[in-house]
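Here are my notes for your read-through. Keep the structure open beside you and check each point as you go.

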Amino acid sequence: MKLLTAVVVAGLIWAAGLFAFADRVTRLTPAPLPPAADGVVVLTGQGSNARLDRGMAVLEAGLARRLLVSGVNREASREDIRLVSKAARQLYDCCVDLGFNAANTLGNARETAEWAQAMQFQSLIVVTADYHIPRAMLELRSALPDIELTAYAAATPVVDAPNWWRSPAGARLMIGEYTKYMAVLSREMIRRLGFTSGAPGKDPS
């Protein structure tokens, strides 16, 4: 009986956390243009076109000096990315950098940290999908503890954040992302308590 009670309580806590996470995601879009920063980074993934649109909007508005597209498919050319982003060639050629090394969110964070250090940036705007923002910001803050980060979310139609629970695809994505977020949050809490050497763990994605 005690075991069953513990399981039920744990399930209720998990469900409450999921709905709180989903509510946080829902509040991220629509969002006005963010305040200016040294640079802007776009994390690729599902809905990359919308993410690139948002990143280029930041650059075109003069709110950042350079843009990094992190996690670009190795088979994509620089011109492929320009066409997808619909960027003006002059702005694209002068101010857009592509990162091909990241294969997941942890890789995005490391790639972004290397780029920001090379550029000597002190502040960044982070563009990714709405559902991905919480986990992405955890990873980036861990990799760039001394850099000011501002999230700028792109809406994900397949999730439809306010109604995510109404569709199997939206529910799967939100539940999966919440689970990954909790794994990263747990890792960071353990690391901060001094139970690890401080080295980043394996990305759950």
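This is a predicted model: local features need pLDDT of at least 70, side-chain atom pairs count only at pLDDT 80 or more; totals for chains, interfaces and linings use all residues.

1. Look at leucine 12, which sits in helix α1, residues 2-26. Its relative accessibility is 58%, so leucine 12 counts as exposed.

2. **Glycine 11.** Glycine 11 is also found in helix α1. Its relative accessible area is 35%, so glycine 11 is partly exposed. Now find alanine 102. Glycine 11 and alanine 102 are 91 residues apart in sequence. From C-alpha to C-alpha, glycine 11 and alanine 102 are 34 Å apart in space.

3. **The sheet.** In what order do the five strands of the open sheet lie? The order is β3-β2-β1-β4-β5, and the pairing is parallel. The edges belong to β3 (96-99) and β5 (148-154). Each of these has a single partner strand, so one side of each has no neighbour in the sheet. From one strand to the next, the twist averages 20 degrees.

4. **Strand pairs to trace.** Start with β2, residues 66-70, which runs parallel to β3 and is joined to it by four bridges. Serine 70 has glycine 99 in β3 as its bridge partner. Next, β1 and β4 pair in the parallel sense over four bridges. Valine 40 stands opposite isoleucine 125 in β4. Last, β4 and β5 pair in the parallel sense over seven bridges. Serine 123 stands opposite glutamate 148 in β5. As you trace a strand, keep one rule in mind. In a regular strand, side chains alternate between the two faces of the sheet.

5. Is β4 largely enclosed or left open by the rest of the structure? Seven of the seven residues of β4 are buried, so β4 is largely enclosed. Buried here means under 20% relative accessible area.

6. **Salt bridges, overall.** How many salt bridges does a search of the whole structure find? The search finds nine. The idea is simple. Side chains of opposite charge can pair when their charged atoms come close.

7. **Arginine 65 and aspartate 38.** These two form a salt bridge, with the closest N and O atoms 3.3 Å apart. The pair links distant parts of the chain, 27 residues apart. Arginine 65 is in the loop between α2 (48-60) and β2. Aspartate 38 is in the loop between α1 and β1. Aspartate 38 has a relative accessible area of 17%, so it is buried.

8. **Arginine 135 and glutamate 177.** In this salt bridge the closest N and O atoms are 2.7 Å apart. The pair links distant parts of the chain, 42 residues apart: arginine 135 is in helix α6, while glutamate 177 is in helix α7, residues 168-192. Are the two partners buried or exposed? Both arginine 135 and glutamate 177 are buried.

9. **Arginine 191 and glutamate 188.** The closest N and O atoms of this salt bridge are 2.7 Å apart. Both residues belong to helix α7 and are three residues apart, so about one helical turn separates them. Arginine 191 counts as partly exposed because its relative accessibility is 22%. Glutamate 188 is buried, at 1% relative accessible area. Salt bridges with shared partners join Glu139, Arg187, Glu188 and Arg191 into one network.

10. **A cis peptide bond.** Which two residues does the cis peptide bond join? The bond joins threonine 29 and proline 30, with omega about -5 degrees. Proline 30 is in the loop between α1 and β1.

11. **Positive phi values.** Check lysine 86. Its phi is near 60 degrees, a positive value in a residue other than glycine. Lysine 86 lies in the loop between α3 (78-85) and α4 (89-95). With a relative accessible area of 64%, lysine 86 is exposed. Then check glutamine 120. Its phi is near 60 degrees, again a positive value in a residue other than glycine. Glutamine 120 lies in the loop between α5 (105-119) and β4. Its relative accessibility is 64%, so glutamine 120 counts as exposed.

Conventions. Residues are numbered from 1 along each chain as its sequence is written. Side-chain values use heavy atoms; hydrogens and water are left out. Helices (H or I, at least four residues) and strands (E, at least two) are DSSP runs, numbered from the N terminus. Buried means under 20% relative accessible area, exposed over 50%, partly exposed in between (1.4 Å probe, protein chains only). Two strands pair if DSSP finds at least two bridges between them. Axes are lines fitted to C-alpha atoms, for helices over the stretch in contact, and angles run from 0 to 180 degrees between N-to-C directions. A salt bridge is a side-chain nitrogen of Lys or Arg within 4 Å of a carboxyl oxygen of Asp or Glu.
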